[in-house]
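Biologist: Could you take me through the charged side-chain contacts and the metal site, with the cut-offs behind each term?

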Amino acid sequence: MKLRAIRLHHLEMPLVAPFTTSFGTQTVKHCFLVEAQLETASGELVTGWGENVALDRPIYSPEYLDGAADVIERWLAPLLAAVDDLTAETVAHHLRRIVGHQMAKASVEMAVLDAQLRAEGRSLASYLGAVRTTVPSGVSVGIQDSGDETVRVIGGYIEQGYARIKLKIRPGADVAHVAAVRRAFGDDLPFQVDANAAYTLVDAAHLRQLDEFGLLLIEQPLGEADIRQHAELARLLHTPICLDESVVSAEAAADAIALRAAAVINIKPGRVGGYLEARRIHDLARAHGIAVWCGGMLETGIGRAANAALAALPGFTLPGDISGSDRFYAEDIVTEPIRMHDGVVDVPTGAGFGVEIDPERLERFRTRLVEIAL
Ligand code: OSB
Ligand code: MG
């Protein structure tokens, strides 16, 4: 295929409720969608959509939205525009000289992949090797002001039928909140926590208090670069350690596995450079007997649909952060947003990511449209 046009649709979507993690509170979702137009070998024009998962500030990872948009415009788009036989499988190869910027790269590869699959009339689930038609739906719950409030909010999600609860924690909002949830809902609730790098190794004794609550896992207690320190922490805790921020590539995943820093891996396609790298991490982890699950970045209907397809691969043995669209948004930008029912979401079956943009909503949530000159 030949890349003919790239447009970045910058969006601002209100969240149904503020979302607080150890690094801050979000009340609106900022992101951009990548719309790529490609010409196939037979001269047909196909359009694909990708979603960039960077936050507006570099507080989860080094990347941030305007930086990602700049990298795409200045460096990624020109490299891809020069290729005559572009495929989704070769995007990463053509971009290999640009160091880092996985989120920027992932969003561009995603748009090319959607276009390619649409041209072939093939679904992402089929392309990736999905073995399920539904995937269990977990929900990520932000930090609340008290144990009582945490119990109230989580109670609502349990009532809706979510298959697993993940609670954000930080120093000062951890052991007591977890204890309150276990007291209220018992030991059988599939329950895990996510620290978003809020602790250091000297907090090991404190974190050991979580061991008595039978958590499925603790996600990213230490910093992104602290793979070795996570391995040390793993020797001090019974709660399995799951890495999120630290797993920026298949190489990082291989290091974490070899060092025994991760018993579980949270795979986020946007963070690791795309769905193809995400599948490589899945394959690697599976070969090592390491469980994986699909994380989320508050994706719109585009990324949420693609994540549901990824989570249908056989190694995704734990419920992912793939909640219904309505967990974050009153209105989504696709015509048929992902819905949670009976604790699962359906894996899309249509060509590409299997979802269609709602033009009216896209325009309403759009703050800026940038056509990149190729
Ligand atoms: O650490 O998993 C995380 C959202 C933004 C940034 C980081 C994380 C999250 C979530 C939300 O936990 C997951 C979701 O999209 O449901
Ligand atoms: Mg996380």
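Biologist: Which residue forms a salt bridge with R368?

Modeller: In this predicted model, a salt bridge is a side-chain nitrogen of Lys or Arg within 4 Å of a carboxyl oxygen of Asp or Glu, and for R368 the closest N and O atoms of the pair are 3.6 Å apart. R368 lies in strand β14 and its partner in helix α1 (residues 65–81), so the pair ties together parts that are 302 residues apart in sequence; helices (H or I, at least four residues) and strands (E, at least two) are DSSP runs, numbered from the N terminus. The partner of R368 is D66.

Biologist: What should I know about numbering and thresholds?

Modeller: Residues are numbered from 1 along each chain as its sequence is written, while chains are lettered from A and ligands numbered from 1 in the order in which they are written. Local features need pLDDT of at least 70 and side-chain atom pairs count only at pLDDT 80 or more, whereas totals for chains, interfaces and linings use all residues, and side-chain values use heavy atoms, leaving out hydrogens and water.

Biologist: Is R7, which meets E371 in a salt bridge, buried or exposed?

Modeller: The side chains of E371 and R7 meet at 2.9 Å, N to O. E371 lies in strand β14 (residues 366–372) and R7 in strand β1 (residues 2–21), so this contact ties together parts 364 residues apart in sequence. Buried means under 20% relative accessible area, exposed over 50%, and partly exposed in between (1.4 Å probe, protein chains only). E371, at 46%, counts as partly exposed, whereas R7, at 19%, counts as buried.

Biologist: What spacing do the donors of the magnesium ion (ligand 2) follow along the chain?

Modeller: Donors are N, O and S atoms within 2.8 Å of the metal (3.2 Å for Na, K and Ca), and water is not among the atoms, so sites may look incomplete. The protein donors here are D194 (OD), E219 (OE) and D244 (OD), 2.1 to 2.3 Å from the ion, and E219 and D244 are buried. Their spacing is D-x24-E-x24-D.
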